[in-house]
Amino acid sequence: MEPQTCALCDADIRVYPTVYDRWVSLAMTELPAKAVPERFRWRLVKLQSTRSPVVVDVVAVRVRGIDPLPGDLVLPAHQMLCSGEWAEGRSVKRPLLPDISE
């Protein structure tokens, strides 16, 4: 199965469920924690059956609580690396002119 691609920048992404019933798009490569802002740090956790060592599912968990060491590898959210989203966000968030018709 091939990885999904981002609709804005055509980069390969990994899409995983989170522990709070949402989905997150993650980058394909891990980066050191010092290169990734806190809000974009994720890790993958393997869920096992209670009576078996078989991995049942993999979920994405945001890195919080205990900060990783600067050299620890984390998965950045694709949103941090997406050049298309950055460009679109820059064009959409232009300051609007004040309404002076009143």
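The accessible surface of the protein comes to about 8,100 Å², and carbon and sulfur atoms account for 54% of it; such areas come from the Shrake-Rupley method with a 1.4 Å probe, and for residues only the protein chains shown count as cover. This is a predicted model, in which local features need pLDDT of at least 70 and side-chain atom pairs count only at pLDDT 80 or more, while totals for chains, interfaces and linings use all residues. Residues are numbered from 1 along each chain as its sequence is written, and side-chain values use heavy atoms, with hydrogens and water left out.

The protein has two helices and seven strands. These are DSSP runs numbered from the N terminus: H or I of at least four residues for helices, E of at least two for strands. Along the sequence the pattern is β-β-β-β-β-β-β-α-α.

Contact means heavy atoms within 4.5 Å. Among contacts between residues at least 6 apart in sequence, 55% join residues at least 24 apart.

The largest nonpolar core has eleven residues, including Val24, Phe40, Trp42 and Val63. β3 (23-26) and β7 (73-76) each supply at least two residues of this core. A nonpolar core is a set of buried Ala, Val, Leu, Ile, Met, Phe, Trp, Tyr and Cys residues joined through side-chain atoms within 4.5 Å. Leaving out residues up to four places away in sequence, Val63 touches Arg41, Trp42, Arg43, Pro68 and Val74.

His78 lies in helix α1 (residues 78-81). His78 counts as buried because its relative accessibility is 8%. Beyond its neighbours within four places in sequence, His78 contacts Cys6, Cys9, Ala11, Ile13, Ser25, Leu26 and Ala27.

Definitions and conventions. Buried means under 20% relative accessible area, exposed over 50%, partly exposed in between (1.4 Å probe, protein chains only).
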